Amino acid sequence: MSEPHHLTRADARRIAVRAQLLTTPRPTGLLDVVRHLMVLQAEPTSAVAPSADLVLWSRLGPSYDVGALRDAIDEQVVIEHQGFIRSAEDMALFRAEMAQWPGTGELTDWQVSRAEWVAANDGCRRDLLERLRSDGPLPTSELPDSCEVPWQSSGWNNDRNVRMLLQLMVARGEVATAGRQGREQLWDLAERIYPDDPVPDVDEARRIIDQRRLAALGIARAKAASSPGEQHGVGEAGEPAVVEGVRGSWRVEPSLLDVPYAGRAALLSPFDRLVQDRKRLTEIFEFDYLLEMYKPAAKRRWGYYALPILYGDRLVGKLDAAADRAEGALVVHAVHEDEPFDDEVAEAVRAEIASLADWLDLEVV
């Protein structure tokens, strides 16, 4: 085993920021950014703009055209899969897992219960496949609910039989999203959506995913707490590292070591990959942050949809702003400074807020 790289927190932060394409010069190609980042969360909340658009604007700047992402989805150059946007060529890696649904080895109780629910509603599953085969792509509202056993949940998805069955059919590799019709997702047979690329065996697919994930993150734990959808752990990808002042070991992307660093200011989506792993965020960036849109207004510290503010290799504050499109305004409620901004930081942050407003075609208020 090779000796671990010894990094300071500043080293680790710069590796992470560089890996996320948040340095200068900016990248220029939308598809290149999606391929490198590997994933954009398709979170539709539009307090400022949908998260995927904010992530791309943070990298590409005002030249980013939201229509280009919509076109790429409609043309299936990129694919919305289980709430995340990925490049179409990456889907072969995830089809390896789909082929083994509901899993291998000893299954968990929830894996067993989902498999049993799909089996109990096999007639409806076949009805959906037949309808899509003949008339697809179709929105959920036009698909028949012939489930014999309803989906039971104490929350949002209770009795949403077709929606839940479609999601499990996505996990099985049978159906896929085919763009949108207004706000509704369109569904079609997966064989008509995914490229006909060779599917690696599952171990090879996981190895490649770990390598790609580390290239996008720069530095990460080998194992991390499980999260819905995209994970934070990278297995044995990259090379071992230790970070001064942080307990435990890390994996680092070696191509990002000892590379000149040119930071800049950036406003980030709350779902940006740089800040999604809250444990890494605390350990390396020493940044206190929580998305507060699910909290009562009286209990919020930073705002409904506060955007983390990056300057250089530090996360320095939060922007509490909202897009009021009816009034043509980007309303800035507050700029929360974790430590008082000096003149250089303040000017750079003001410039990014102005750039965000220009991109949204709004006036800063």
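These legends walk through several close-up views of a predicted model. Local features are taken only where pLDDT is at least 70 and side-chain atom pairs only at pLDDT 80 or more, while totals for chains, interfaces and linings use all residues. Residues are numbered from 1 along each chain as its sequence is written, and side-chain values use heavy atoms, with hydrogens and water left out.

View 1. Strands here are DSSP runs of E with at least two residues, helices are runs of H or I with at least four, and both are numbered from the N terminus; two strands pair if DSSP finds at least two bridges between them.

**View 2. Strand β12 and its partners.** Of the 5 residues in β12 (residues 307-311), 4 are buried, so the strand is largely enclosed by the rest of the structure (buried means under 20% relative accessible area, exposed over 50%, partly exposed in between, with a 1.4 Å probe and protein chains only). Strand β11 (residues 265-267) runs antiparallel to β12 over 3 bridges, with Ala-266 opposite Leu-310. β12 also pairs with β13 in the antiparallel sense, this time over 5 bridges, and Pro-308 has Lys-318 as its bridge partner. The β12-β13 hairpin has 2 residues between the strands, and Gly-312 takes a positive phi near 65° there.

**View 3. On from β13 to β14 and β15.** β13 and β14 (residues 329-337) run antiparallel, joined by 8 bridges; Gly-317 is partnered by Glu-337. Their hairpin has 4 residues between the strands, and Gly-328 shows a positive phi near 70°. β14 then runs parallel to β15 (residues 363-364), with 2 bridges, and Ala-329 stands opposite Glu-363.

**View 4. The second largest pocket.** This pocket holds about 240 Å³ of space. Of its 13 lining residues, Arg-314, Leu-315, Val-316, Asp-338 and Glu-339 are the closest to its centre. Strand β13 (residues 314-324) gives the largest share of the lining, 3 residues. On a 1 Å grid over the protein atoms alone, a pocket is an open set of points with protein on both sides within 12 Å along at least five of seven lines, a cavity is a set where a 1.4 Å probe fits but cannot get out, and lining residues have an atom within 4 Å of a point. Grid points are joined across faces, edges and corners, and a volume is the space filled by probe spheres set on the points.

**View 5. The largest cavity.** A search of the whole structure turns up 1 cavity of 30 Å³ or more, and the largest cavity has a volume of about 70 Å³. Its lining includes Leu-37, Val-55, Phe-84 and Phe-271, while β2 (40-41) and α11 (273-276) each supply at least two residues.

**View 6. Ser-51 in helix α3.** Ser-51 lies in α3 (residues 51-60) and counts as buried because its relative accessibility is 0%. Leaving aside neighbours within four places in sequence, Ser-51 contacts Gln-41, Glu-43, Thr-45, Ser-269, Phe-271 and Tyr-305.

Technical notes: Contact means heavy atoms within 4.5 Å.
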